[in-house]
Amino acid sequence: MLKVLKPGLYTTVQDLGRYGHRDIGVPIAGAMDVESVKKANLLLENDENDAVLEITMTGPTLQFDTDTYISLSGAHIVATLNNEPIDNYSVIKIGKGDILSYGRLELGFRGYIAIKGGFQTKKVLDSRSQFYPVTKSARLKDGDEVPYSETKNYEPKISEVKIEEHFENNILKVYKGPEFSLLSDGQLTEIFAKPYTVSKENNRMAYQLSELITGHSHSMLTSGTLPGTIQLTPAGRMIILMKDGQTTGGYPRILQLSEESISILAQKKYGDELKFKLV
Amino acid sequence: MKSYPISIKPFGERAVLVEWPEKVSESILADILDFMDAFKELEIPDWEMSVAYNSLTMVYNQDHIDFEETKNMILECHEKQAKSKTERIQHLWTLPVCYDLEFGMDIEEASKTLGLSVKELIEQHTSHQYVVYGIGFLPGFMYLGGLPSTLEIPRRAEPRLKVQKGSVGLASKQTGIYPQDSPGGWNIIGNCPVDLFNPMKDDPCFVKVGDKIQFERISKAEYKLHKIEGEVGIYEPEKVVLNA
């Protein structure tokens, strides 16, 4: 078991998501930054869908009770194992009683902890991703215990890699959304000529942007939405749905983020600047 | 039955949006369900589909898709759909609702706005059958159509930060049930003790798109009984097969 001594700001168990249940309104959930999760799991020779911990800005303090191996990825947050600094993208041997803790956030917003074999929490509707009310709780709390299997004497094929982070850039690639044709030339210029900043309203469900564009008075029947769908409210607010986002919505879906760009946006926080590029 | 024309739009890297004429209509919904049945018969794994009123979002979970190829596949399936009608079983569910003031905190104000007595409002709400046009927004949340125009009332000016699970609400042309605690701006007129979403069950959401819902007034005592029956897992909502 991995014992949560301090939960951090928002720490959750995530795999790549819960598929096949959109028709009853269940969001995909899953890791926000899929790119980083795949890298961490690959380094441990895990399945890419093995469950990891997703940490947000302020990391947790965690204690391991059996031997294993972990790798960290995603946001650059100063991490220590028994007070010794450890790096992202290296295979780290863990012994009984070891304590992993986090300090300052340097780059990005969401970090990941992958463990040999993946975290073994119970699957609900085919996934381990935490999402209330599918799972009993939305995130990890003080004293929670997260199961994993013991691994001794693992010889990693590669023990460390240098990685150029996908989230160092701030250009989000977007496709035309189903209601793209509603946009006027003026609105198009506004969207693509200017940078935007992430507002305080940003979480696993959606990111709102601070700057408004010209609004609209189009009303439509509720229709499907996906992670990465950019909705435009009548007031001119752009709302980008993320992994816990609702499966349907009633605002025009003007743009759709590429999947790669969802992983970039997942690493942006309040005040960070973004630009859109139509592909 | 005639088939309606469809339009197909790309929706990101692995999804398409298929749209039928923009109307809330039972025959359009039947056409969408026919198309879904025809598509399921193709037995292509990893596609998931979700309906909302006049549209169908189709997502391929396996990989990115080629839009033109996908569009052709869908058009071909739509073409064949009329010829291969499958039997679909649809249900009318009777869902109990307690309209007591304790649960329906907006029922008096809503009645006033609508120019009805509380009794008349309840009679009208329980005398209609509502069609399930989609499930989304929250797990197990039903988009219901068929609300009589006499019950159309604007959303509350200020949404509530927390609407209790099971709350039955009215908002413009819609009525519905909050399947979990949630923020919300609907006028709350009662509470339904039935779990509309239970991830621990094999079928977490017993209602299907295309089914119908009718509400039945119950007392607070019955409400409590149903709640307990639900917790111990012996409560089954009443249903009849519509197209037997």
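**Close-up views of chain B and its contacts**

**View 1. Where the two domains of chain B meet.** 8 residues of domain 1 of chain B are in contact with 8 residues of domain 2 of chain B. The model is predicted. On the domain 1 side, α1 (26-41) and β3 of chain B are the elements that give two or more residues. By class, that side has 6 nonpolar, 1 polar and 1 charged residues. Domain 1 covers 7-81 and domain 2 covers 91-241. Their centres, taken over C-alpha atoms, are 29 Å apart.

**View 2. The side of chain B that touches chain A.** Here 32 residues of chain B are in contact with 25 residues of chain A. Five strands of chain B each give two or more residues to this side: β1 (7-10), β2 (15-19), β3 (47-52), β4 (55-60) and β6 (130-135). The largest share, 4 residues, comes from β3(B). Sorted by class, the chain B side has 18 nonpolar, 10 polar and 4 charged residues.

**View 3. An open sheet of 3 strands in chain B.** The strand order is β10-β9-β12, with antiparallel pairing. Strands β10 (174-177) and β12 (187-191) are the edges, and each pairs on one side only. From one strand to the next, the twist averages 25°. Strand β9 (residues 167-171) is joined to β12(B) by 4 bridges. Within this pairing, Gly169(B) has Ile188(B) as its bridge partner in β12(B).

**View 4. The largest nonpolar core.** This core holds 66 residues. Which of them touch the most other members? They are Val97(B), Val132(B), Met142(B) and Ile189(B). Helix α1(B) supplies the largest share of the core, 6 residues. A second, separate core has 64 residues, including Leu2(A), Tyr102(A), Leu183(A) and Ala206(A). In soluble globular proteins, nonpolar side chains tend to be buried together.

How values were computed
Residues numbered from 1 in each chain as written. Chains lettered and ligands numbered in written order. Predicted model: local features only at pLDDT ≥ 70, side-chain atom pairs only at ≥ 80, totals over all residues. Contact = placed C-beta atoms within 7 Å. Nonpolar A, V, L, I, M, F, W, Y, C, P; charged D, E, K, R; others polar. Domains from an automatic or database assignment. Pairing = 2+ DSSP bridges. Axes fitted to C-alpha atoms, helices over the stretch in contact; angles between N-to-C directions. Core = buried A, V, L, I, M, F, W, Y, C linked by C-beta atoms within 7 Å. Buried ≥ 20, exposed ≤ 12 C-beta atoms within 10 Å, placed from the backbone.
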